[in-house]
Amino acid sequence: MTTEHTLMQRSGAQCELCSAKEDLHVFAVAPASDTSAPDQCILVCRQCRDQITTPDTTNANHWRCLSDSMWSQVPAVQVVAFRMLTRLSSEGWAQNLLDMIYLDDDTRQWAVSGLEGSDESDVPTLDSNGSVLSAGDTVTLIKDLPVKGAGFTAKRGTAVRNIALTTNPEQIEGRVNGVRIVLLTKYLKKA
């Protein structure tokens with residue numbers, strides 16, 4: 001069975017992003033190691049494909065379709081949805097969707113690795129919901145965290161203001177109860 005045939009069956013013969021039914025193409029989601037592997041490809045219409053590959057032609061309103069397709073159970077569809085929402089994050093609606101999207105750790109790593117201008121040393125710091133964190137942001141703890149060596153527990157819901165980024169994208173520094181500590185981003189959400 002060919003990749004195209006497998007993707008046609010998986011998608012119901014429609015674009016996996018916008019649900020268009022005509023002019024469909026197999027699109028390998030970078031960095032795909034095997035373009036014949038259906039789990040590394042999606043079926044897209046010409047309009048979606050052209051806008052993904054040529055950012056200058058992006059029509060933000062076309063991508064409102066991601067409010068449905070971002071919930072796909074197919075990791076490759078989730079990756080493309082995350083990347084397009086990140087590209088459109090200056091649009092209020094796109095940032096709202098980006099704040100809601102959930103990706104497991106492997107899928108998130110795949111999505112971030114293919115963002116424009118990213119390389120291993122330029123991975124953004126993301127909170128538990130996938131929102132990009134910047135120095136000076138305020139975050140909230142989503143879990144009670146025992147602070148080793150300080151003798152207290154940072155309670156869920158505690159706001160940490162004016163955070164500092166570290167060289168590790170999975171950690172930030174912040175002040176809790178007057179003590180400067182390192183926090184794991186998977187236990188934080190942007191306020």
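Colleague: What are the ground rules for the values?

Modeller: This is a predicted model, so local features need pLDDT of at least 70 and side-chain atom pairs count only at pLDDT 80 or more, while totals for chains, interfaces and linings use all residues. Residues are numbered from 1 along each chain as its sequence is written, and side-chain values use heavy atoms, with hydrogens and water left out.

Colleague: What makes Cys48 buried or exposed?

Modeller: Buried means under 20% relative accessible area, exposed over 50%, and partly exposed is in between, with a 1.4 Å probe and protein chains only. Cys48 has a relative accessible area of 0%, so Cys48 is buried.

Colleague: How many disulfides are there by your rule?

Modeller: A disulfide is a pair of cysteine sulfur atoms within 2.5 Å. By that rule the count is zero. Take Cys15: its nearest cysteine sulfur, that of Cys18, is 3.8 Å away, and Cys15 is in no disulfide. Cys15 also counts as buried, because its relative accessibility is 2%.

Colleague: What makes β2 a strand, and how covered is it?

Modeller: Strands are DSSP runs of E with at least two residues, helices are runs of H or I with at least four, and both are numbered from the N terminus. Strand β2 spans residues 41–45, and five of its five residues are buried. Cys41, Leu43 and Cys45 are buried on one side, and Ile42 and Val44 are buried on the other. In a regular strand the side chains alternate between the two faces of the sheet.

Colleague: How do you know which way β1 and β2 run, and that they pair?

Modeller: Two strands pair if DSSP finds at least two bridges between them. Strand β1 (residues 24–28) is joined to β2 by five bridges, and the two run antiparallel. His25 stands opposite Val44 in β2.

Colleague: Why are β7 and β9 called edge strands?

Modeller: The sheet is open, with three strands in the order β7-β8-β9 and antiparallel pairing. β7 (164–165) and β9 (179–184) each have a single partner strand, so one side of each is left without a neighbour in the sheet. Strand β8 (residues 171–176) is joined to β9 by six bridges, and Arg175 stands opposite Arg180 in β9.

Colleague: What is Asn177 doing in that stretch?

Modeller: Asn177 is in the loop between β8 and β9. Its phi is positive, about 55 degrees, although Asn177 is not a glycine. With a relative accessible area of 59%, Asn177 is exposed.

Colleague: What makes Glu173 and Arg180 a salt bridge?

Modeller: The rule asks for a side-chain nitrogen of Lys or Arg within 4 Å of a carboxyl oxygen of Asp or Glu. The side chains of Glu173 and Arg180 meet at 3.5 Å, N to O, so the pair passes. Glu173 is partly exposed at 28%, and Arg180 is partly exposed at 40%.

Colleague: How many salt bridges does the whole structure have?

Modeller: The search finds five. One of them joins Arg10 and Glu16 at 2.9 Å, N to O. Arg10 counts as partly exposed at 32% relative accessibility, whereas Glu16 counts as buried at 12%.

Colleague: Which parts of the chain does the Lys190 and Asp137 pair link?

Modeller: Lys190 and Asp137 meet in a salt bridge at 3.7 Å, N to O. The pair links distant parts of the chain, 53 residues apart: Lys190 is in strand β10 (residues 188–190), and Asp137 is in the loop between α6 (105–113) and β3 (139–141). Lys190 is partly exposed at 36%, while Asp137 is buried at 17%.

Colleague: Last one: why is α4 called largely enclosed?

Modeller: Ten of the 13 residues of α4 are buried, so the rest of the structure largely encloses it. The buried ones include Val77, Phe82 and Leu85. Among the elements covering them are β2, α2 (46–53) and α5 (92–100), where contact means heavy atoms within 4.5 Å.
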